[in-house]
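Me: Could you go through this model with me? I'd like to start with the charged side chains and then move on to the packing.

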Amino acid sequence: MAENLQRSSAEPRPDDEAFKRELVQLIPHLRAFARTLCGDPAAADDLAQDAMMKAWDARASFQMGTNMKAWTFMILRNQFYSEKRRSWRQSQLDQEAAERTLVAVDDPEAPVALDELRQGLAMLPPEQREALILVGAGGFAYEEAAEICGCAVGTVKSRVSRARRALHGILEGGNYDRDGEPASEAMRSILADAERLSSVR
Amino acid sequence: MRLRQMFDQVVNEDVPDEFLDILRRADSRAAEKG
């Protein structure tokens, strides 16, 4: 008892330390998910930081040992749509971000990271883009993705399916084969990957 | 695995210091409150 009374009030609680360790591990994944939602890297990092702070502030409500990745992804997407509703210009910014990525393809100084896939994804509706990313790249099952998105499993599957079809149309119809490789080849690879991942669940 | 490669490209980036700074400041505020 005496030892507890002598314990400094400045010492972090053990639960907070464990929570922070796990949250730090998730920062790269949160940044990646935010990037797919926002398109713009700076806006994505702002979103990821806001989500991280919300997760920290809500840490008492999180049960250690459960899926923190899904929990923080849910916070991040809710924050994204909350800001989207508040800002009437958000849809304009999404379009501008998409246009910037298209312009960058013609710019020889553009980052190597920009590619046809990112451009195509930026042109999808946010709900379809997030569903495809969560299932196809985020490593989530349909059920987990549904929980993150706050919708039914069938809705997630429908969005993933529509996202695939939309991407197909974008990549087939766009001017992305500057390197001589047909855009259809990239799409076949994407569809095969998404199909394989979804069938494993 | 292009979709995963695109995602992992960001995952593998260095985490900007500001992310860790934010957590450190939040942690300090929580500790001060006791």
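Me: Which residues are linked in a network of salt bridges?
Reply: A:Arg31, A:Arg35, A:Asp45 and B:Glu13 are linked in that way, a salt bridge being a side-chain nitrogen of Lys or Arg within 4 Å of a carboxyl oxygen of Asp or Glu. This is a predicted model, in which local features need pLDDT of at least 70 and side-chain atom pairs count only at pLDDT 80 or more, while totals for chains, interfaces and linings use all residues. Residues are numbered from 1 along each chain as its sequence is written, chains are lettered from A and ligands numbered from 1 in the order in which they are written, and side-chain values use heavy atoms, with hydrogens and water left out.

Me: How many salt bridges are there between chain A and chain B?
Reply: There are two. B:Glu13 pairs with A:Arg35, the closest N and O atoms being 3.2 Å apart, and B:Glu13 also meets A:Arg31 in a salt bridge (3.2 Å, N to O). The latter pair runs from helix α2 of chain A to the loop between α1 (2–11) and α2 (17–33) of chain B, where helices are DSSP runs of H or I with at least four residues, numbered from the N terminus.

Me: Is A:Arg31 buried or exposed?
Reply: A:Arg31 counts as buried because its relative accessibility is 4%, whereas B:Glu13, at 31%, counts as partly exposed; buried means under 20% relative accessible area, exposed over 50%, and partly exposed in between (1.4 Å probe, protein chains only).

Me: OK, what about the interface, how many residues does each chain put into the contact?
Reply: Chain A gives 38 residues and chain B gives 24, with contact meaning heavy atoms within 4.5 Å. On the side of chain A, α2(A) gives the most, with twelve residues.

Me: Switching to the core, which members touch the most others?
Reply: In the largest nonpolar core, which has 57 residues, they are A:Leu76 and A:Leu121; such a core is a set of buried Ala, Val, Leu, Ile, Met, Phe, Trp, Tyr and Cys residues joined through side-chain atoms within 4.5 Å. The largest share of this core, ten residues, comes from α2(A).

Me: And what does A:Leu121 touch?
Reply: Leaving out residues up to four places away in sequence, A:Leu121 touches A:Arg129, A:Leu132, A:Ile133, A:Leu167, B:Leu3 and B:Met6.

Key:
Helices (H or I, at least four residues) and strands (E, at least two) are DSSP runs, numbered from the N terminus.
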